[in-house]
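Student: I would like to work through this model by question and answer, with the terms defined as we go. Could we begin once it is on display?

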Amino acid sequence: MPGSSRIPASLRESFNNVKRRSRPIDPQQIFNLDLFRNVVFFFFVLRIVRRTFWKLKGRGIIGTIVELYRDTQRVLYGYFLRAPGVRTQVRKQVNDSLSKVQAKIIPADGTRYLTLPKEGWTEDALKTELETLANMDHTRWEDGYVSGAVYHGEEELLKLQTEAYGKFTVANPIHPDVFPGVRKMEAEVVAMVLSMFHAPANAAGVCTSGGTESILMACYSARQKAYAERGVTEPEMILPETAHTAFRKAGDYFKIKVHLVPCPAPNYQVDVHRVSRLINSNTVLLVGSAPNFPHGIIDDISALSKLAVKRRLPLHVDCCLGSFLVPFLEKAGFETELFDFRLKGVTSISCDTHKYGFAPKGNSTVLYRTQELRTYQYFVSPDWSGGVYASPGIAGSRPGALIAGCWTSMMRVGEAGYIEACGTIVGCAKKIAEHVTSHPGLSAELDIIGRPLVSVVAFTARNLDIYDIADGMNSKGWHLNALQNPPAIHIAVTLPITKVWERLVADLEAVVEAEREKERVRAVEGKGVKGKASGDTATLYGVAGSLPNKAVVVDLARGFLDLMYKA
């Protein structure tokens, strides 16, 4: 029409959008949105309230406040350590400490091989170099100067193990049709260990590479069982604070929250009442040790078993260190406690065959009350392009030669040999403990931790710095284990140690007297006595042991691990 103007399409669209937005909102939509928000908020609050209740129930009001205080202290100290000036100084001290460690463990002289040789070495050249490597300066475990580490070491058994290893060097149990002998030996090793621990007819087990893997698998099985049967997606496990650190590794690897329970004096066993208070609907596993690594104390497994049955929870008993000693204590004439599958609540056990089973390093077992429990640790991939894949645990390929060495050791020593070894080793540990408590110079200064029944004797110092005593023993050629929480030393008796234990206690007497003399000199000179160790970390960590935040210790440990791979 003349004189009229058309509205642009873009303007019309904007106008229509305004009209659409201006339409009244459906009240039902508002209600649904508010309901959704309220439901989300309710479950958010419920989650917080439930976790707070569990915390208060498990730790108590005072325990919760103390834990909160320590967490706050650790966080604030962490910020302090990251302050520019402090961070530089801490880094310098860490580097200085690592330099000293490097000088000790990495020889400055000698040839380093960082690339492949252009031509392969001759057999004679290799044998010469291997002999040199075997004879590098080291603590003489052969003479019995090392706590733990090498548990047998006799020439005859070593020769048999080497021969067995040679026959199965290329063997891999992942191929049972190719290496049927290895399959047979592994099954028989598991069966023999199950028999030692009084397993029921339907029990099952698996060979692993060591105690850590055995513990990891037991924790993983418990986690998978709880998920499959109860739908637990935020798993938690409860363990003594003295339980092996592999349980903490399992918590880190498999995202299982770890609750640590004190093991108070005088018996240093886990406080079962506190374990009970920490149980909630997310708990997937209870743990006890038989014995624990630090102090050699067997937890009250009978009480833990009753609790596990009552609350319908799995109970794992870590017998990696007790291995082939604890099952034979009674037959060797020593006091013992129930700890194995004879207790109804015990559902899994870890046992190292490479400790007091005298097998080559890299051998352990994890045992289950039922085959169903073992199934939870399996991995199966039915649709992989490479074919159906199944493995019993973390590893795929495994060294059949080590299994052969383990089977050979067990068959050579036999039950009578293990009972005899138990009598020798545990008897020696009791002699060491008796000497510490009866000798005037030692009993006045050293206190045995708890009532050890197996092969480990741990002791603290009343007035001296226990780590100075450890250093003094080290200067005399001994390699003992320094502990923390509380500061202490332990001796894990082995067959080599049984031959020189009198030398050990004589050197201990001399070292304690030397340290007491140093204290007397300090007092005469007016410097004041040094006193007992006040930190909660071994002397390797220096001042870091008394810090509320362990970041410095972590840096030192990581640096040490880096040095292990420095060629």
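Student: Which residues have the most contacts inside the largest nonpolar core?

Tutor: This is a predicted model, in which local features need pLDDT of at least 70 and side-chain atom pairs count only at pLDDT 80 or more, while totals for chains, interfaces and linings use all residues. Residues are numbered from 1 along each chain as its sequence is written, and side-chain values use heavy atoms, with hydrogens and water left out. A nonpolar core is a set of buried Ala, Val, Leu, Ile, Met, Phe, Trp, Tyr and Cys residues joined through side-chain atoms within 4.5 Å, where buried means under 20% relative accessible area, exposed over 50% and partly exposed in between, with a 1.4 Å probe and protein chains only. The largest such core has 88 residues, and those with the most contacts inside it are Phe 197, Leu 286, Ile 301, Phe 358, Leu 446, Ile 469 and Leu 508.

Student: Which element gives the largest share of this core?

Tutor: Helices (H or I, at least four residues) and strands (E, at least two) are DSSP runs, numbered from the N terminus. By that numbering, the largest share, 14 residues, comes from α12. Apart from this core lies another, of 17 residues, including Ile 215 and Phe 254, but the element asked for is α12.

Student: What distance separates the end C-alpha atoms of helix α6?

Tutor: The expected span of a helix is 1.5 Å times one less than its number of residues. For the 17 residues of α6, residues 180–196, the span should therefore be 24 Å, and the distance in the model agrees with this, at 25 Å.

Student: Which elements are included in what covers the buried residues of α6?

Tutor: The buried residues of this helix are Val 182, Met 185, Glu 186, Val 189, Val 190, Val 193, Leu 194 and Met 196. An α-helix has 3.6 residues a turn, so residues three or four places apart point the same way. What covers the buried residues of α6 includes β1 (204–208), β6 (346–351), β7 (364–368) and α12 (400–438).

Student: Is Phe 197 buried or exposed?

Tutor: Contact here means heavy atoms within 4.5 Å. Leaving aside neighbours within four places in sequence, Phe 197 is in contact with residues including Cys 319, Ser 323, Phe 339, Ile 349 and Leu 367. Because its relative accessible area is 0%, Phe 197 is buried.

Student: How are the rings of Phe 197 and Phe 339 arranged, and what is the angle between the planes?

Tutor: Rings of Phe, Tyr and Trp (its six-membered ring) pair if their centres lie within 6.5 Å, and planes under 30 degrees apart count as stacked, over 60 as edge-to-face and the rest as tilted; by this rule the count comes to 10 aromatic pairs. Phe 197 and Phe 339 form an edge-to-face pair, 5.9 Å centre to centre, with 85 degrees between the planes. The pair links distant parts of the chain, 142 residues apart, with Phe 197 in the loop between α6 and β1 and Phe 339 in the loop between β5 and β6. The angle asked for is 85 degrees.

Student: Why do the rings of Phe 328 and Tyr 418 count as a pair of the kind they do?

Tutor: Their centres are 6.3 Å apart and their planes lie at 0 degrees, so the pair is stacked. Phe 328 is in the loop between β5 and β6, whereas Tyr 418 is in helix α12, 90 residues apart. Phe 324, Phe 328, Phe 358 and Tyr 418 form one aromatic cluster, and the kind of pair asked for is stacked.

Student: Where does Phe 358 lie?

Tutor: Phi of Phe 358 is near 65 degrees, a positive value in a residue other than glycine. Phe 358 is also buried, with a relative accessible area of 5%. Its place is in the loop between β6 and β7.

Student: With which side chain does that of Ser 350 make a polar contact?

Tutor: Ser 350 is found in strand β6 and is buried, with a relative accessible area of 0%. A polar contact is a pair of N or O atoms within 3.5 Å; within protein, one must be able to donate a hydrogen and the other to accept it, and residues adjacent in sequence count only if both atoms are side-chain atoms. At 2.9 Å, the partner of the Ser 350 side chain is the side chain of Asp 318.
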